[in-house]
Amino acid sequence: MVFGGVMVVAFGVVLLVAILISGFAHRTVLSTAVLFLVAGFVLGEGMLGVVSLQAGDEQVSAIAEVALFVVLFTDGQRIGVRDLARAWRLPGRALLLGMPLTFLISAVLGVLLLGLPWVEAFLVAAVLAPTDPVFASAIVGRKEIPDRVRGLLNVESGLNDGLALPIVLILVAAIGGPEIEYGTLALELLGGVAIGVVVPLVIALLLRLRFLSATPLYSSLSPVAAALIIYGVCNATGANLFLAAFAAGITIASVAPEIRDAFAEYGEFIAELVKLLAIFVFGALISPSVLTDVPILGYVFAILLLVLARPVAVEAALIGSGLSWQERATAAWFGPKGFASVLYGLLVLASGHPDAEHLFHLIVVAISLSIIAHSSTDVPIAAYFARHESSGRSMEEVPGEPPPDVAQKDGTPP
C-alpha cells in the first residue's frame, strides 16, 4: 500500500486544516469528515489530478478494509459482554427488524424509481443496508446523547456489516459473480468470531501469568498485538475480518477492561486518523463522470434511502421500546453509510455484470450524500439533547433495561 509523496503531502495539508478548524467544527454543522471528502474530490483525478486513484486499485480496497477493521476493533471495546447482554433488546430490534425492513424498502425504491431488476435492486439495497461505525461514532462519541441510544447505534453498526455480507455475496453470485459455497461462508463468519474471541483471551491469560511481567506502557499495547495477530490470521485463513475485529474489541472490554482503558486514547487517535485517510481516498474516487452517470432519479433514490427507508424501518422496529420520540428519531435518522458499503460496492464492480459500473456509481452517490448529511447533523442533535437535559426534562426510561456503560469518544466513562 504505497502512495506518492504528493498524496501524502496533500493529506497532511488537509489534516492540518482540519486540526485548525476542529474546535469550530465541533460546535457547528461544519464537519471535518465532509472537509476530507470534498478535498479528496477536488484533488482527485477527475478534478485537479493531484491524487490519482481508481476504484479497482488494490490500495483503495486495502485502506477501506483497514479503516473498517480498526474502527470495529476500537468500537467493540466500548461495551463488554455483560453490557451487551443487558442492553441487547434495543440493538436486536434495529438489527432483526429494522435492517430487513430497510433492505426491503430500499429494494422497492430501486425497482420503482430506477427500474432495476429485482435481483439488482436487492443487491444495491444489501450493499447500502449496513450502517457504518466510523460515522456512527460521531453520535456514539457524544456524551450529550442518551447512553441507550449510543449503545444501540454502537452495537448495531458493529454487527450489521457481518450480517449483510452473506446476502451481498449471494446476490453478487446471482448477477454473474463468482460462485459461493454456503458452508464455506458460514465457516468464515463463525471463524471470524472465534478468532476474535480466542486471541484476546490467550493474550489476557498470558499477561496474568506470575512468571511473566509487562510494564504498564507495553501492557497497554497488547490490544495492538491482538489486532495484528487477528488481522494476519483472518487474511491467512479467510475468516471474516470484520466480525473478528468487533468480537475482539468486546472480548478485550470483557476480560481485560484495565488494558482497554489504558489503550483507549491510542485507539481513538489511530481510528480517527485511519478514518480521515479513508474518507479522503473515497472522495478522490468520486469524479464528475461518476456523478453525471447517475440520473436525477438516482439522486432521488439516494435521498429517499436517508429520509425514508431507514427512518420508517427503525421507527417501526422501535415501536413499544419505551424510548422517547426524540431517542427513536435519533436512532432512526442516524444510519450512515460508509466503508462496509464501499467494500461491498467494490465486489459489485468486480462481478463482471454488464451494469456493474452503473450500480457502483449509484452506491457511491448514496454513500457520499450520507456522509454529508450525517456528518453535518451530529452537532445539532447533540445540542438538542444538551438543551433538553439542562431544561430539567428527563427522557423516559426503558422499562427493566439499564443503559449500557458505553465509553466516550475520548475514552472516559459517560
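1. Leaving aside its neighbours within four places in sequence, Thr131 has contacts (heavy atoms within 4.5 Å) with Glu156, Ser157, Asn160, Asp161, Arg310, Gly335 and Pro336. Thr131 sits in the loop between α6 (118–128) and α7 (133–140), helices being DSSP runs of H or I with at least four residues, numbered from the N terminus. Thr131 counts as buried because its relative accessibility is 3%, where buried means under 20% relative accessible area with a 1.4 Å probe and protein chains only.

2. This is a predicted model, in which local features need pLDDT of at least 70 and side-chain atom pairs count only at pLDDT 80 or more, while totals for chains, interfaces and linings use all residues. Residues are numbered from 1 along each chain as its sequence is written, and side-chain values use heavy atoms, with hydrogens and water left out.

3. Helix α2 (residues 32–43) and α13 have axes that come within 6 Å and cross at roughly 40 degrees, the axes being lines fitted to C-alpha atoms over the stretch in contact, with angles from 0 to 180 degrees between N-to-C directions. Among the residues making this contact are Phe36 and Leu37 of α2 and Ile279 and Phe280 of α13.

Note on methods: Helix = DSSP H or I, 4+ residues; strand = E, 2+ residues; numbered from the N terminus. Buried < 20%, exposed > 50% of the residue type's maximum accessible area, 1.4 Å probe, protein only.
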